[in-house]
Structures are given as C-alpha cells and as structure tokens.
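Please read the points below with the model open beside you. They go residue by residue and then turn to the groups that those residues belong to.

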Amino acid sequence: YYDNSLREFIFSYSAPVYDLAHKNIIAVLVVDFDSQFIDSIVSQNIGQKYTSIISRDDGAYIYTDDTDKVLNQISLSKMTNKNSIEAQTYQYINKAPCDKVCSLALSDNSEKHLILYQSLKKMPWTIFADYTNQQLGSLNRESDNSLTMLNIGFWVISLVLLVILVNLYR
C-alpha cells in the first residue's frame, strides 16, 4: 500500500501466532517494510536492476524496478501470454521451488535469458533476476584502473616477500 504520510510504498507481511495447546489463533504478527528497505537489501545482495520479488501464491509483484507492475498488482499467474519470459519463469519456479540460488535458461523468440532465483525462507516470496546475454555481457567489464591495481598488488606482494626473505636470511 502507499503511505501518504511517509510518501512511499509499504509492504506488509502477516503471520498467525497459534496456541498449540488449544489449537487456535491467539495473535497476528504484522511486519511492515518500506520500499527503501527492500531496495537496499536487493541492491546490496544482487543489484536492483533486473531483479523482482514475487508472491509464490499467485505471482503478484512485491518488488521490481518497474513500479507500474507493483502499482497495478500485476500477477504472473494471470498473464495472457504464457510464452513470455515472466510467465515461463513463474511456471518453472512453481514446479521447482529452490531454497538456494538456482538458475534457469529460457528463451523467447528473440533472446536467451538467464534466470537466477531463490525462494525466501519463512516468507511466501521468491526473488529472481532476469538477465539477457547482452545484459550479462555488460556486467563483465574492467574498470579504468584495473591494470594499475594489478601492478600495485604485484609490487606490494613482491616487497613483502623480499622483506620475509631478508628476515629469514638473518
């Protein structure tokens, strides 16, 4: 939901608390996450771009970089184009849930996609990242100072080894 006072989206998760002796619900635990919290967790761990979090129940978007999908409550289970990468991803994730990071190769008519996904423990959500070959290629790049850093590392290690050898010789 959208919180007007905070001016941001809030994601709620609730779970019943049971009294096992009497077999009834005694409370409901509710946790609210603001969108910035989820953004920071996603960007620190796998990167915001290309990443989505969906409900395992119906494939509804909980988080994605395309906020229209969250706002319009788009559900992957209700997509009309069952051959789309998103629909194929949802169908596969439902058939083969994964508690560790798993990968899946899919293709549509024009491109191949690598899907990385994991079911979140203790939450009814699955997080997945969708990369095309072109996007994966853009992630493999060297920085402007890569060669300089390698040279500095080589000389520092050489100097440390030289100091060790001199100390051993004494």
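Predicted model: local features only at pLDDT ≥ 70, side-chain atom pairs only at ≥ 80, totals over all residues.

1. Q73 counts as exposed, at 66% relative accessibility, where exposed means over 50% relative accessible area, buried under 20% and partly exposed in between, computed with a 1.4 Å probe on protein chains only. Q73 sits in the loop between α2 (67-71) and α3, and although Q73 is not a glycine, its phi is positive, at about 50°. Helices here are DSSP runs of H or I with at least four residues and strands are runs of E with at least two, numbered from the N terminus. K23 can be read alongside: this residue, also other than glycine, has a positive phi near 55°, lies in the loop between β2 and β3 (24-34), and counts as exposed at 74% relative accessibility.

2. Residues are numbered from 1 along each chain as its sequence is written, and side-chain values use heavy atoms, with hydrogens and water left out.

3. Where is confidence lowest, and where is it highest? The score in question, pLDDT, is the predictor's confidence in each residue, from 0 to 100. The chain averages 77, and 81% of the residues score at least 70. Confidence is lowest in helix α1 (residues 35-45), with a mean of 59, and highest in α3, at 87.

4. Y92 is partly exposed, with a relative accessible area of 36%, whereas Y117 is buried, at 3%.

5. Which residues of α3 are buried? They are I85, A87, Q88, T89, Y90 and I93. Among the elements that cover them are β4 (51-55), β6 (102-107), β7 and β8 (125-132).

6. The largest nonpolar core has 16 residues, of which I54, L76, I115, Y117 and F128 touch the most other members. Such a core is a set of buried Ala, Val, Leu, Ile, Met, Phe, Trp, Tyr and Cys residues joined through side-chain atoms within 4.5 Å. The elements giving two or more residues to this core are α3, β6 and β7, and the largest share, 4 residues, comes from α3. Apart from this core lies another, of 7 residues, including F33, I53, I62 and W125. In soluble globular proteins, nonpolar side chains tend to be buried together.

7. L76, leaving aside its neighbours within four places in sequence, is in contact with I54, D58, G59, A60, Y61, E86, Y90 and F128, where contact means heavy atoms within 4.5 Å.

8. T64 is found in strand β5 (residues 61-64) and is buried, with a relative accessible area of 6%. Its side chain makes a polar contact with the side chain of S52, at 3.0 Å; the term stands for a pair of N or O atoms within 3.5 Å, and within protein one must be able to donate a hydrogen and the other to accept it, while residues adjacent in sequence count only if both atoms are side-chain atoms. Beyond its neighbours within four places in sequence, T64 is in contact with T51, S52, K69 and V70.

9. Y13, in strand β2 (residues 8-19), counts as partly exposed at 22% relative accessibility. Y13 and V31 are 18 residues apart in sequence but 5.3 Å apart in space, C-alpha to C-alpha.

10. The structure holds 1 disulfide, which joins C98 to C102 with 1.6 Å from S to S; the cut-off is a pair of cysteine sulfur atoms within 2.5 Å. C98 counts as buried at 6% relative accessibility, and C102 counts as buried at 16%.
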